[in-house]
Amino acid sequence: VAKESGKNRYHLFDTAQDDAVKVQLESLEAIRGALDNQQFVLYYQPKVNMKTGTVTGVEALIRWQHPERGLLNPIEFLPAIENSPMNIEMGEWVIDTALKQIGKWQAMGLIFPDCTSVNISAVQLQQPNFTNRLMALLAAHPDVEPRYLELEVLETSALDDVHNVSKIMDNCIALGVKFALDDFGTGYSSLTYLRRLPANLIKIDQSFVRDMLHDADDLAIVEGVIALARSFKRNVIAEGVETIEHGTTLLQLGCELAQGYGIARPMPASDIPAWISEWKPDANW
Ligand code: C2E
Ligand code: MG
Ligand code: MG
Ligand code: MG
């Protein structure tokens, strides 16, 4: 459908714009092929508690195992399908694959109390039947308890339409899943809005974490988000923890949960058990 409407639009544009549309059409076709040929894969990045030294959860991050170009990051293909029906299809594949993986880990005795999380696009979340689709996906994995699945929604997309989004979130929470607000701090949430969004985790955007060590404004934002989370009784995690200095500063500020290259890079699901048994938190923090 998208391809057809794309082709129709194609004829309306002038020559300069034609090229851009062609490029996008090609990549849409390539993505279609990749979906059909199972070239997408989920990598998982650990989330840890720096104070207690436990691995609390993992975040699923999509990759394209491209036959010629190697492993591609989402920035190279997600924007192309933002307004395509493939967005929904890929989103469902992500949830399904993550649920399958939770079940596999569970069978090995590996349970993440603070969830395996998946990223949900704004388009996916706001499709009229999202809750029903999620219910069907959960029903297809009866061995997995919904409370072990967390949906990450960008703060900016939640703010798009707080009224609608908070209702969708409530309906999904009734199914047992949890929510996190991703890239928090980039969307200028007011206190009022945060109060209406039933997410139990706030993820401090990595840009603030990365720069807080040398930029007082970014440090103030990190402190502010931590205080906000505490006031509203939400959990808070810092993204983009790359160094020991980041970790120790966050611990001083009262943020115990962290995720970042300094702890672990995203990795294939099969590497997660070995990583967990080798991780020595005390040596790092
Ligand atoms: P995000 O959800 O905020 O995920 C964090 C991104 O930061 C990931 O990039 C991760 O690999 C990267 N990262 C983690 N720790 C560090 C660090 O210490 N330093 C730096 N510089 N980067 C770090 P990735 O995997 O390329 O994903 C980028 C974005 O693409 C994600 O941001 C998310 O918004 C989106 N995305 C990824 N997977 C999916 C998916 O399955 N569905 C949807 N809708 N979006 C996805
Ligand atoms: Mg995320
Ligand atoms: Mg993020
Ligand atoms: Mg991001």
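The donor residues of the magnesium ion (ligand 2) are spaced E-x59-N-x32-E-x29-D in sequence. The model is predicted: local features need pLDDT of at least 70, side-chain atom pairs count only at pLDDT 80 or more, and totals for chains, interfaces and linings use all residues. Residues are numbered from 1 along each chain as its sequence is written, chains are lettered from A and ligands numbered from 1 in the order in which they are written, and side-chain values use heavy atoms, with hydrogens and water left out.

Ligand 2 is coordinated by Glu59 (OE), Asn119 (OD1), Glu152 (OE) and Asp182 (OD), at 2.0 to 2.2 Å. Donors are N, O and S atoms within 2.8 Å of the metal (3.2 Å for Na, K and Ca); water is not among the atoms, so sites may look incomplete. Distant parts of the chain are linked by the pair Glu152, in strand β5 (residues 149–154), and Asp182, in strand β6 (residues 178–184), 30 residues apart. Strands are DSSP runs (E, at least two residues), numbered from the N terminus. Glu152 counts as buried because its relative accessibility is 1%. Asp182, at 5%, also counts as buried. Buried means under 20% relative accessible area, exposed over 50%, and partly exposed in between (1.4 Å probe, protein chains only).

The magnesium ions, ligand 2 and ligand 3, are 4.3 Å apart, and Asp182 coordinates both. Asp183 has a relative accessibility of 25%, so this residue counts as partly exposed.

Ligand 1 has 20 residues around it. Arg63, Asn119, Gln206, Glu242 and Tyr261 come nearest. A residue is near a molecule if one of its heavy atoms lies within 4 Å of it. Strand β2 (54–66) and strand β6 each supply at least two residues of this shell. The most come from β2, with four residues.

Several side chains place an N or O atom by ligand 1. For Glu242, the distance to a nitrogen atom of the ligand is 2.5 Å. For Gln45, a nitrogen atom of the ligand is 3.1 Å away. On its own, ligand 1 has 800 Å² of accessible area, of which the protein covers 81%. Accessible areas come from the Shrake-Rupley method with a 1.4 Å probe.

Terms used
A polar contact is a pair of N or O atoms within 3.5 Å; within protein, one must be able to donate a hydrogen and the other to accept it, and residues adjacent in sequence count only if both atoms are side-chain atoms.
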